[in-house]
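I am opening my notebook on a structure that is new to me.

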Amino acid sequence: MSIIEELEWRGAVNQQTDAKGLADLLAKKAIHLYCGVDPTGDSMHIGHLIPFMVLKRFQLQGYHPVVVIGGATGSIGDPSGRTSERTLQTMDVVRKNAEKLTQQMEKLFLKGDTSENSFQIVNNNDWLSQLSALDFLRDYGKHFNVNTMLAKDVVASRLDNGISFTEFAYQILQSIDCLHLYKNNEVQLQIGGSDQWGNITASIDFIRRVEGPEAEVYGLTIPLMLKADGTKFGKSAGGQTVWLDAEKTTPYEFYQFWLNQADEDVVKYLKYFTFLTKEEIDQLAAEVESQPHLRHAQKRLAEEITQFVHGSEALAEAQKITEALFTGQVQDLTAKQIQAGFQNMPQASISDQPTNIAVWLVDAGIVSSRRQAREFIENGAILLNGQKVTDVDYEVSKEDAIEGRYILVRRGKKNYTLVELQEN
């Protein structure tokens with residue numbers, strides 16, 4: 001199937017400016033296309049990933065993606081999807097964010113493909129920062145009708161509460177980007193989320209006014225992704241943002257997010273976030289219906305997207321931590337793996353001095369009294385790093401801890417506490 005047919009099967013096409021014209025162009029040659037991201041933060045999250053998965057699919061079919069880091073537009077702020085003005089960041093912060101996003105993009109798009117012309121990454125600060133105020137108004141602003149700009153959804157939705165000229169002018173800057181990329185990088189297609197439709201159509205109209213109505217430029221947007229319950233995709237069960245940066249969301253947490261997706265959503269996510277074939281996904285969909293308890297689809301989803309974002313070594317580590325948690329056999333984990341896997345569970349910090357286990361359990365807040373501690377111990381309900389302790393006279397020390405630092409205590413079947421030993 002063609003790239004557009006594949007995207008439509010995956011549910012990844014919302015609107016196209018000219019579906020037939022784009023299909024004809026894509027059939028003729030391997031075009032350049034672009035998607036942009038503004039460095040308003042120092043990492044992308046999984047919601048940002050959606051349009052770049054589409055860009056990656058084009059790359060895998062032989063087209064040439066161009067990623068635009070909005071070093072200039074990120075200092076202003078896109079009004080799309082917002083109800084109030086964005087707080088402007090310093091240029092120093094924007095530059096640092098841009099460097100980190102560039103590293104993330106290189107990791108996603110240079111992976112497994114070293115051909116010279118397969119991928120470009122550019123920063124719009126390189127050309128937008130060269131504009132003077134007069135250049136902006138005379139050479140570009142003159143081409144934009146205020147009434148038309150006001151009618152764009154992204155602006156119209158803000159008129160009741162007010163919008164600054166800075167954010168109002170964002171669509172002009174994005175249009176300048178498109179013209180620059182069309183003339184200098186051979187870009188003929190812009191893709192983005194559904195909230196970018198107004199900016200994309202404004203860009204195409206602008207290029208055709210400047211370059212002539214015969215200019216072959218197109219736009220494609222991706223639907224807003226909703227979960228089966230109607231809520232917006234992109235948040236974990238705890239309401240935390242799931243980042244692509246391994247320092248902000250560990251590969252284990254990232255893996256767990258995908259592993260815990262509902263049966264009602266998992267097939268949709270397999271289509272969006274993996275490069276599995278239709279036949280493979282259809283087979284997994286059938287297993288969701290016939291054997292949902294095995295969660296094969298969720299496991300494959302977690303494996304595919306974790307490997308894509310973090311690599312095979314990080315995936316193996318996430319799977320090792322997951323297996324250790326499931327079995328309770330955590331003694332082979334490293335201190336770093338313990339930190340990654342258990343940072344969101346109850347924790348305690350106590351002295352590393354040898355202490356009677358009943359006293360130690362009380363000091364760690366795992367039980368309320370020594371009597372209760374002895375009952376749990378005698379019943380075989382206390383495990384330290386996967387090892388059952390049944391001796392009420394046992395002394396807990398650094399020897400019990402992983403790397404002399406961590407002891408994972410399991411009380412009963414499901415109650416875990418991570419205890420960190422501190423030098424006294």
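**Cavity lining and a helix pair**

I began with the lining of the largest cavity, to which α10 (170–184), β5 (187–193) and α11 (197–211) each supply at least two residues. I note here that the model is a predicted one.

I then looked up the cavity itself, and found about 70 Å³ of space in this largest one, while the structure holds three cavities of 30 Å³ or more. Its lining is made up of 13 residues, and those nearest the centre are Cys178, Val187, Gln190, Ile207 and Val217. Sorting the lining by class, I counted ten nonpolar and three polar residues, with no charged residue.

Next I asked myself how α10 and α11 cross. Their axes come within 8 Å and cross at roughly 55°, which means that α10 is oblique to α11. I also recorded that this crossing of α10 and α11 is right-handed.

For the contact, I listed residues on both helices: α10 brings Tyr170, Gln171, Gln174, Ser175, Ile176, Cys178, Leu179, Tyr182 and Lys183, and α11 brings Asn199, Ile200, Ala202, Ser203, Phe206, Ile207, Val210 and Glu211. By class, this contact of α10 with α11 has ten nonpolar, five polar and two charged residues.

Looking back over both lists, I see Cys178 and Ile207 in the helix contact, and I had already written down Cys178 and Ile207 among the residues nearest the centre of the largest cavity.

Note on methods:
Residues numbered from 1 in each chain as written. Predicted model: local features only at pLDDT ≥ 70, side-chain atom pairs only at ≥ 80, totals over all residues. Heavy atoms only, no water. 1 Å grid on protein atoms, 1.4 Å probe; cavity = no way out; pocket = protein on both sides within 12 Å on 5 of 7 lines; lining within 4 Å. Points joined across faces, edges and corners; volume = space filled by probe spheres on them. Helix = DSSP H or I, 4+ residues; strand = E, 2+ residues; numbered from the N terminus. Nonpolar A, V, L, I, M, F, W, Y, C, P; charged D, E, K, R; others polar. Axes fitted to C-alpha atoms, helices over the stretch in contact; angles between N-to-C directions. Parallel < 35°, antiparallel > 145°, perpendicular 65-115°, else oblique. Left-handed = near helix turned anticlockwise from the far one by under 90°. Contact = heavy atoms within 4.5 Å.
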